[in-house]
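User: Hi! Could you walk me through reading the pockets and the nonpolar cores of a protein model?

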Amino acid sequence: MSNNVYGIDLGTNNFKVYSKASGKTMLEKNTIALINKDEIYAYGDSAYAMYEKAPETINVVFPVVEGVIADYNFLQKMIFDFLEHKMKARIKNAEFIVAVPTDITDVEKRAFYELFYKSKSKPKKVMLCEKPIADAVGLGIDVNEPTGVMIVDMGADTTEISVISLGGLVLSDLLHFGGNRIDESIISYVRKEFNLVIGQKTAKSLKENIGSALPGREEKMMIVGRDVVSGLPIEMDISAEIVYEAMKSNLESICTSIKMILEKTPPELAKDIIHSGIYITGGGSKLNGLDKLFEQITNIKIIESEFPDESSVRGLVKIVSDSKYKRLPFSIKK
């Protein structure tokens, strides 16, 4: 395999690109700002800075929703502009390996494939790899072994719970909620309890700074929102306990799904999982105390990823570099 290879993970909130030639991984917000409905004004981190702050003339969109492509043309333009201008990539005759969620339709998988295959760059080869398998390889697990491994990948719009053995998926469940749904529940809880309207970025900041998967945290955070009664902006202290109460039901749903997958896992694989533990990754797994919550409900040790945002793209790196993983990626034939 040549050096002109790119591993790509198109997440809802961020997209990550690994260049084999430079050995570098770049992470950018998966956001596009449009003017005149069809003209890209900005993309990536600079477009995300405009989110919830832009005038009506600028429309900020997220081209990937719930793990699948929602805006094919704009996403294609953004990715190739990013590759050419920010990564200085040689995209002519390049090879791409793209991480895709498991429980999506063949049509949705084909969209990921065609995004690169039908681009102007005329790629030499486009391969897809199921995201949980890329995650496992990125976490340093030898997925070719006949050993059961359980991975929980918490993204922005989806949470994927998978059991892997011998380089394939034994069980997988794709939940259509993740970090964004938790942010929304914080927004609605704060509005209901305090008549205070806050934005998505403020809710995300509350979750990241004082949020916890378990009760008992005592910090407070000062936020600014709009008072529903007076209509004026006001400052208010929000406690960690309030944020926990807002997130609690969403976290319980994830816990229930983890237990259901464990109940369906064949006994021999379940034995492996008890010995090796459950791996958690994805941006949502950075929530304070999440590992302890999962440990409480499963009685199995939880292993956190060192680089939760990058585990799948790091896995793609190893898959393209190591011949022992050559059977893991697949292509979509015409």
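Analyst: Happy to. Rolling a probe the size of a water molecule over the atoms shows where empty space is left. This is a predicted model, and its largest pocket holds about 720 Å³ of space.

User: Which residues lie nearest the centre of the largest pocket?

Analyst: Gly-155, Ala-156, Gly-283, Gly-284 and Asp-309 do, out of 45 lining residues. Helix α5 (residues 179-194) gives the most to this lining, with four residues.

User: How much space lies in the second largest pocket?

Analyst: About 270 Å³. The second largest pocket is lined by 19 residues, and Ala-156, Asp-157, Asn-180, Glu-184 and Gln-200 are the closest to its centre. The elements giving two or more residues to this lining are β7 (64-65), α5 and α6 (200-210), with α5 giving the most, four residues. The lining splits into seven nonpolar, six polar and six charged residues.

User: Now the cores. Which residues have the most contacts inside the largest nonpolar core?

Analyst: In this core of 44 residues, they are Met-150, Ile-186, Ile-198, Leu-206, Leu-290 and Phe-294. Helix α7 (residues 240-264) gives the most to the core, with eleven residues.

User: What does Ile-198 touch?

Analyst: Leaving out residues up to four places away in sequence, Ile-198 touches Ile-186, Ile-187, Val-190, Ala-203, Leu-206, Ile-223, Val-224 and Gly-225. There is also a second, separate core of 35 residues, with Tyr-6, Leu-10, Phe-82 and Val-100 among them.

Methods
Residues numbered from 1 in each chain as written. Predicted model: local features only at pLDDT ≥ 70, side-chain atom pairs only at ≥ 80, totals over all residues. Heavy atoms only, no water. 1 Å grid on protein atoms, 1.4 Å probe; cavity = no way out; pocket = protein on both sides within 12 Å on 5 of 7 lines; lining within 4 Å. Points joined across faces, edges and corners; volume = space filled by probe spheres on them. Nonpolar A, V, L, I, M, F, W, Y, C, P; charged D, E, K, R; others polar. Core = buried A, V, L, I, M, F, W, Y, C linked by side-chain atoms within 4.5 Å. Buried < 20%, exposed > 50% of the residue type's maximum accessible area, 1.4 Å probe, protein only. Contact = heavy atoms within 4.5 Å.
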